[in-house]
Amino acid sequence: MLKEFREFALKGNVLDMAVGIIIGAAFTTIVQSLVNDVIMPPIGAIMGGVDFSDYFIALTLSENGPATVDAAKAAGVPVIAYGRFINAVIQFTIVAFALFLVIKQMNALKARIAKGEAPAPSAPPRQEVLLEEIRDAIKARG
């Protein structure tokens with residue numbers, strides 16, 4: 001059983017999936033920071049200077065309810081944190097769009113390869129071209 005598990009765990013697909021999950025988690029962290037730290041503060045400023053992630057509806061009636069979602073949760077007040085949900089939807093949209101672009105490029109590359117078109121090789125570095133010219137010049141003299 002241990003041998004079978006080792007063979008399963010070391011298959012290329014499993015390792016590729018693990019790498020994808022790790023990169024996806026890192027990318028999600030970046031997108032979360034983009035939404036929470038870059039996109040939502042200006043939107044919150046436009047909407048009256050309130051932190052958008054703290055938009056919520058308290059499910060219990062109280063005259064002086066908590067001001068933030070975290071304060072409400074600490075006080076044991078059940079809330080619908082719709083501001084955080086909207087942040088999560090924006091994050092998902094950004095991640096989904098980025099994945100769409102990556103998959104679109106991969107599909108275009110696969111289609112080009114299927115047609116027999118190989119990706120164009122990049123031009124050699126300028127130093128390499130100069131060295132080839134010097135080599136050819138030396139051959140021509142000698």
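1. Let me start with helix α4. With 33 residues at 1.5 Å a residue, α4 should span 48 Å, and its end C-alpha atoms are 47 Å apart, which agrees. The expected span here is 1.5 Å times one less than the number of residues. Helices are DSSP runs (H or I, at least four residues), as are strands (E, at least two), and both are numbered from the N terminus. Just after α4, G116 takes a positive phi of about 95°.

2. A word on provenance. This is a predicted model, in which local features need pLDDT of at least 70 and side-chain atom pairs count only at pLDDT 80 or more, while totals for chains, interfaces and linings use all residues. Residues are numbered from 1 along each chain as its sequence is written, and side-chain values use heavy atoms, with hydrogens and water left out.

3. Which residues of α4 are buried? They are G83, N87, Q91, V95 and A98. Buried means under 20% relative accessible area, exposed over 50%, and partly exposed in between (1.4 Å probe, protein chains only). An α-helix has 3.6 residues a turn, so residues three or four places apart point the same way.

4. Q91 deserves a look. Q91 lies in helix α4 and is buried, with a relative accessible area of 15%. Leaving aside residues up to four places away in sequence, Q91 touches V31, Q32, V35 and N36; contact means heavy atoms within 4.5 Å.

5. M106 is also found in α4, and at 45% relative accessibility M106 counts as partly exposed. The C-alpha atoms of M106 and T60 are separated by 51 Å, with the two residues 46 apart along the chain.

6. Next, the aromatic rings. A search of the whole structure finds 2 aromatic pairs. One of them joins Y55 and Y82, and this pair is tilted, at 6.1 Å centre to centre with 50° between the planes. Y55 lies in the loop between α2 (12-46) and β1 (57-58) and Y82 in helix α4 (residues 82-114), so the pair ties together parts that are 27 residues apart in sequence. For the cut-offs, rings of Phe, Tyr and Trp (its six-membered ring) pair if their centres lie within 6.5 Å; planes under 30 degrees apart count as stacked, over 60 as edge-to-face and the rest as tilted. Y55 is buried at 15% relative accessible area, whereas Y82 is partly exposed at 34%.

7. Y82 also belongs to a nonpolar surface patch of about 630 Å², made by I57, L59, I80, Y82, F85, I86 and V89. Helix α4 gives the largest share, 4 residues. F85, in α4, is exposed, with a relative accessible area of 57%. Patches are made of residues with over 30% relative accessible area and no salt bridge, joining like charges within 9 Å and nonpolar side chains (Val, Leu, Ile, Met, Phe, Trp, Tyr) within 5 Å. The areas come from the Shrake-Rupley method with a 1.4 Å probe; for residues, only the protein chains shown count as cover.

8. Finally, charges. How many salt bridges are there? The count comes to 2, where a salt bridge is a side-chain nitrogen of Lys or Arg within 4 Å of a carboxyl oxygen of Asp or Glu. The side chains of D70 and R84 meet at 2.9 Å, N to O. D70 lies in helix α3 (residues 69-74) and R84 in α4, so this pair ties together parts that are 14 residues apart in sequence. The side chains of R135 and D136 meet in a salt bridge at 3.3 Å, N to O.
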